[in-house]
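User: I'm new to this one and would like a guided tour. Can you take me through the features step by step?

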Amino acid sequence: MKINKFFLFLGFLPALVFAQETIPISKAEVLEKVSTQNNQLKIGEQQVLAAKGDYNQTNAVFLPNITASHTGMATTNPLMAFGIKLNQEIVTQADFDPNMLNNPSQIQMFATKFEVQQPLINVDGIFQRKAAKAKWNATQLQLARTGDYMVLETEKAYMQLQLAYKSVTVLETALNAANENLRLADNSFKQGYLQQSDVLAVKVRVTEVENQLQYAKSNVINASEYLAVLMNEAVSGVFKPTDSLRVATELSSAETFSNSRADIQAMEFAAEAYKQNYKADKLTFLPRLNAFGSYELYDDEIFQAGANGYLFGAALTWNLFEGSKRFGKTQKSKAEFNKANLELEQYKAESQLEVNKAKRMYQDAKNNLTLTELALEQSKEALRIRTNRFKEGLERTTDLLSAETQYSQKQLEYYSTVFQHNYALAYLRFLTEE
């Protein structure tokens, strides 16, 4: 018994939820909230910031590295003890006594040191910087393309909500008509004009429409919840579109595939990044020239500066061989560069194919829209005629039910075709916009 009540509750759940607060919302409002609140776009923004951080790290190719340290130590090591005294500028004649040199007393030293390292020639680092800049540009364009995709996905979700409400309206009208037919059938049965089987057929039709209406209301809830996810909002009601579902504006001109599309440019920048990394790996065979300098303060007490000194110079370093590690790294970066170019060409070819398919899909949807419009008009007129004849007792119940069912189906097909037409148009624009 409890199980039956549970399943009965599940059956009425869509109706209960549908009875929640209805929140009107326009497509412009949804698009605005998605552009500012969508989590996927926020993730893309963080990826751009991460790539910018990688690029900023390459400033080290030009800017100095400056460090400061303060060290304290105590020792009786002969060599270090004498050196500490030299650094502290406290050496006396007595310190040259062999006994003092060989067996010094413990001495303390506190040293404050400032070091500067300045890159002068670091050719591979320059190309690594170019690679980081190309990667940063790629992520910015990827974010732009993600924004375009979220606009398409939002329009699709909003149209699904519009279609769901249209279905509810059609089925509610069909349910009212079915209930009216049931009333007429009951009256005709009582007057002896119809058989019990005819009345039962009408009741079956009423039940079918009620079930269809329940599913349509579930679709409203599903579409509303998906819009809430896209907008990253917690909503305690059901959205209702203020914009009606109607046939979208035709294309203003022949849309064509363009290499200026954001995702294509992003892949081109990615290939450029691999190219610069390959150049950088090749140039690691060259020597590096760096300048360095330090300023030091010494004393036998903490944070004091009884003596000081400085040092500066330049170093030319050339790593001649690393056990073929650099050869393998260069080989890998070259392969990745070639792979990126091949992937770019493949993506362009697939994108052109997708545009061609989208054009055909749009044309098919356009043709189907014309067909469903005619079919809807025909079924509407057929239902009107059969309804009038049924009221006069000149039409069978089965024929009326068939006409009513066909009209409802043609209405649902028409709105579904409008959705397909509008989405095909939006998708084609998405594929061809720059």
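User: Which residues have the most contacts inside the largest nonpolar core?

Analyst: A quick note before we start: this is a predicted model, where local features need pLDDT of at least 70, side-chain atom pairs count only at pLDDT 80 or more, and totals for chains, interfaces and linings use all residues. Residues are numbered from 1 along each chain as its sequence is written, and side-chain values use heavy atoms, with hydrogens and water left out. Now the general idea: in soluble globular proteins, nonpolar side chains tend to be buried together. A nonpolar core here is a set of buried Ala, Val, Leu, Ile, Met, Phe, Trp, Tyr and Cys residues joined through side-chain atoms within 4.5 Å, with buried meaning under 20% relative accessible area, exposed over 50% and partly exposed in between (1.4 Å probe, protein chains only). In this model the largest core has 49 residues, and V30, L161, V220, L227 and F239 have the most contacts inside it.

User: Which element gives the most to this core?

Analyst: That's α6, with 17 residues. Helices (H or I, at least four residues) and strands (E, at least two) are DSSP runs, numbered from the N terminus. Elements giving two or more residues include α2 (27-37), α6 (123-190) and α7 (196-231). There's also a second, separate core of 14 residues, with L152, I264, V355 and A424 among them.

User: What is V30 in contact with, leaving aside its neighbours within four places in sequence?

Analyst: Contact means heavy atoms within 4.5 Å. By that rule, V30 touches I25, T154, Y158, L227 and M231.

User: What does UniProt list for residues 330-382?

Analyst: The unreviewed UniProt entry lists them as "coiled-coil region". UniProt positions are given in the numbering used here, feature names are shortened, and annotations may be inferred rather than shown by experiment. In the model, residues 330-382 are 100% helix and 0% strand, with the end C-alpha atoms 76 Å apart.
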